[in-house]
Each structure stands twice: as structure tokens, then as C-alpha cells.
Amino acid sequence: MSQFGRVKQWNTFARCWHLFDATWQNPLQCSPLIEKYLKGLHKPIYHPFVDCGDHVVIMNSKQIAFPGEEWRRRVYFHHTGYSGGASWTPAWELHEKDPTMIFRKAVYHYMKGNLFRRVVMERLHIYPDSNVPEEIMENITNQIQPLRPIPKTLDSYSNEEIEKYPKIIDYPQDYLLSK
Amino acid sequence: MSSSRFTPKGFPSVPLQNGIGRYICQLKRVTLRFCKSSGSSRGVRDFIETELISFAQDHPGTVVYLKPRRHKSPSFVAEYLNGEREVISCHNFSSHEMIKWLNLYATRSGIPLKRYLKMWHTECPSIQGVWSPFTNMDPALNITQFPSKKLSNPVWEEKSATEELLEKVKQQKISSDDENDDDNTHSNRAAQV
Amino acid sequence: MVFTTAMMLVRSRGPDEFWRKRKIFKIAAHFSGRRRNCYSIAIKAVHRALQFATIGRALRKSDMIVLWNTRIRAGCEEHGIELNTFKEGLSRCDIQLNKKVLADLAIWEPSTFKALSDLSKSVSIDYELPGSEKYNVPTNVVTRGLLKK
């Protein structure tokens, strides 16, 4: 291959870094999206045997959201291998111990189990908050847009906006609004 | 099945873009070896008598040698510009067969036969340039500070019920304003609904 | 083979043993160990390999279809259009390119593929196909509703 041809190949198979903000995102719904970037399924040059996936940096994994009773009902199983070594950890407990673990497990379990899975998972970098190391942040060239909008909390509305909001009923004078 | 693993393989090719603009016959030399008396060389002798002159005239770039050898089986050797050499036995060939075989070897490029992996091949697969991650990338991303506020929203947001209600209220407000433009008190009441 | 009696036909076991075995050994030439050199082991391995080859011929076709679909989907999503809408848009314009060609275009001729996706996008907007409300109208395609039949 000529010198120029080799450069063209480097260009085609260049590895990119993508950022993903996990605030208010459901990790179970995001994992197909993350998997697409990790495996290189978003590139037309994709081939299952070619290592053409990208890096994905997930930040704010502490801020993930689960629907309904999921925090209590979802249980993660682990077995030490010894008798009586089984343990079941609810999602909220696991999230307290390691805020990156739920997202990592969601992506890992979504992917089909083969020899490439652990190699691909090495390209996933998860950070519990927005303090991503500088040497990782400087690689990033793209941001993956989230699946659902971040809901606006009542605190973030200014007084003026609340005043302008159309009212359906008037609260009675002695009605207590808990803050 | 398995033999295909051990035979040479490759893509169709031509030496020095032969046939594009000009064609050069790649066969440089043919040596016919035959016997003047034996029956197996009869077809070759017929060929030499009747067809050889026209063959040589048709292929001015090819040298033709004749080698009479007593009591030997007839054969011919085709030599090519790239140095390849092939010996073909023409035992019991007729004059007709000789023409066919010589024509075949005169039209070949001299590249040894191989199994074709594909029946088509190009040295230049892309005119517009091969796809790369940067081909269709938005150039605005080059100067974006990550995490970017604009990219923190979903690509497509469906309108929430609250937003739709707010819009309806707004519309109602405007329409009621148009109706009761003169009467300000009425419009104020409508706005509070 | 010439059989003088019917008895000889029954007793005949096909061509000469050497050639019969050679046919099998030729197929088993790239196998490893005794599966290549011992006939009784080679014949089993060859039968197995031929069965796999038969299954593989069908699998190869479906695998290629899946691969082409993945590649076209990747190319489409880069330009912000879904695979199904893209295909539907193309078929409504009577553009009869198959999956292989579309996948090749996405890799080797990206500008052509972008033009196709833009065309398909504007056609799907014209026909109001499901999901087309998400698309921005491409500025480089002017249909004026004429592509609608």
C-alpha cells in the first residue's frame, strides 16, 4: 500500500470519542444507543470482525433515572462460587455503592455475549459526575444526544414564570403548599 | 473444494493497461515442434502448409519458429513478453484445432492462470473519496465546547401535554383578544381561564 | 465398466479403490492430523464438512443481507433518516438500487448516498410518511410536490 493509501485507511478507521450525558436517562433504554457507538454500528464500514468501534464517555451516571418501582424491584444477582454465596442487591443499594455500575451492567447485558464483548466494553468510560479527566475530555469530538428531555424542576422556574402560568383554580387562603 | 485453497488466486489484471488506448499482443514467440513423417504431426503439417503464413501476417509482433524433429511428438511453445513460457502438446491435433489453440495463446496476456476471487476488479474503487468519520460531520462540532447545551436535548421532542395546553391557552387568548378588542374587561377575564 | 453378468454388477464397488479414495483425500487435503491421511477418518470429516458447506451457502446469503442492512442503516442515520423511510422513499421514486449497491455507495461514494437520502427525505415529506414530521426539509432538493404520483 502506498503512503497516501495508508493515510486514507487511517482516516477511514479513525477512532472517535463521543460524550453522553446520562442525566435523567434510563440506562436500559440508552444501552442500545451506546452499543451502536461502541461497536461501530453507526458507520457504513461496519463489519462484525473489524474493530471499528468508537469510545463513549458517559458522565453524570449518578443522575440516571428509572421508571416506577424499578429502583426497588430491580435486583442484581451475584454468586461468589461458594455454597451460600448468592447475594441479591437492589438497584438503589448498588447505585449507592457504585454509581457507575448500573449503567455498565445495562450496556454489558444488552450486548450479545461473544469474545468481542469485553474488548468493546473497554472502550466505555463512565464517570459518576461531570468531573471527567482532562486527558479524556480533550479527545471528545462529538456528543450523543439523549433520548428524553431533562424535566424542568419546580425550583428552576422563576417567580415571574410561575406568576404568568395559566391558573385553573385558585387555592383557598388557608391552603398550605409544602415546599 | 479443497484444491481451490492450493491454487493461485487473485483478481483479473492486465499488464500495463493493455487494451486501453492501444493493444500490444503479449505473445512474443511461438516455436512449433513437429515430425515430418509421423502421423501424430499430420495436423500440424497441414497447418503449416495452409494457415501458418496468414497466422504470421495477422500477428506481426509474434515470431514464429519451426523445429522439425524426427520421430517426436508435436508440440508448440508460447513465450510472452513478461517472460512466461508455456508448452502445449499438439499430439494428433487437426489443422483446425491448431488454429484454435494458437489463437487462444495469441490472445492471452501471459499472466499465469489463477482462480478469480471476483469476476470484476478496480484499482480505483472510489471517485468521491472513501467514507470516513469526518466526511459527513458537522464542521460546527470542531469549535463546540463539550458538553454542549444545544446537544444535551433530544433530536426530536414530542410535544408534552402541558406544552399543548399552554399553546391552546395562548391561542384562546389571541382569538378572544380579537373578538373583544374594544371590551378590555372581558379579555382580562378570558386570560385568567 | 463392462459387466458380463448381473452378478458382477452387484459385486462391483464402483471405480478403482485408489481413485475413489483420492477423490475424498483431495477434499480433505487441508484438514489437520489423521483426518487428512486416514481414509476411514477422512470420509467422516468430509461428510461433515460438506454438510456444513451446504448450510453455509444459505447462511452466507442471509448474513450478507443483515450486513448490508446494518451498513445502509448507519449511512441513513448519519443523514437523519430511518432505514425503512429511506427504502420507502426510494421505491416511491422508482429508484431500484439493491442493498448491495446502496451499501457500497454509502462506503465508497458518500456524496451520492447523501443525495439519495436527501431525495428520499423530501419524497417522504411530500407523501407525509410516518416519521417524516421529524425531518428538516433538505435545501438541495426541490420537488414542488411533483414527485408525488
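Here are some friendly notes on chains A, B and C of this predicted model.

1. A word on conventions. Residues are numbered from 1 along each chain as its sequence is written, while chains are lettered from A and ligands numbered from 1 in the order in which they are written. As this is a predicted model, local features need pLDDT of at least 70 and side-chain atom pairs count only at pLDDT 80 or more, whereas totals for chains, interfaces and linings use all residues.

2. Let us begin with the make-up of chain B, which has 6 helices and 6 strands. Both are DSSP runs numbered from the N terminus: helices are H or I with at least four residues, strands are E with at least two. Along the sequence their order is α-β-β-α-α-β-β-β-α-β-α-α.

3. Next, the overall form of chain B. Its radius of gyration is 41 Å, well over the 16 Å that the globule rule gives for 193 residues, so chain B is more spread out than a compact globule. (The radius is taken over C-alpha atoms, and the rule is 2.2 Å times the number of residues to the power 0.38.) Along the principal axes, the C-alpha atoms fill a box of roughly 130 × 35 × 35 Å.

4. Chain B is divided into domain 1 (9-116) and domain 2 (159-188), with bounds from an automatic or database domain assignment. The C-alpha centres of these two domains of chain B lie 95 Å apart.

5. How much of chain B is buried? Buried residues make up 11% of its 193 residues; a residue is buried if 20 or more other C-beta atoms, placed from the backbone, lie within 10 Å of its own.

6. Now to where chains A and B meet: 21 residues of chain A are in contact with 16 residues of chain B, contact being C-beta atoms, placed from the backbone, within 7 Å. On the chain A side, helix H1 (3-12), strand E1 (17-21) and strand E6 (142-144) each give two or more residues. H1(A) gives the most, with 3 residues.

7. Finally, look at helix H5 (residues 83-92) of chain C, where Thr85(C), Phe86(C) and Gly89(C) are buried. They lie on the same side of H5(C) because they cover an arc of only 105 degrees around the axis, the arc being that of the directions from the helix axis to the C-beta atoms. The buried residues of H5(C) pack against helix H4 (39-78) and helix H7 (110-127) of chain C. After H5(C) comes Asp94(C), with a positive phi near 60 degrees.

Definitions and conventions. Buried ≥ 20, exposed ≤ 12 C-beta atoms within 10 Å, placed from the backbone. Contact = placed C-beta atoms within 7 Å.
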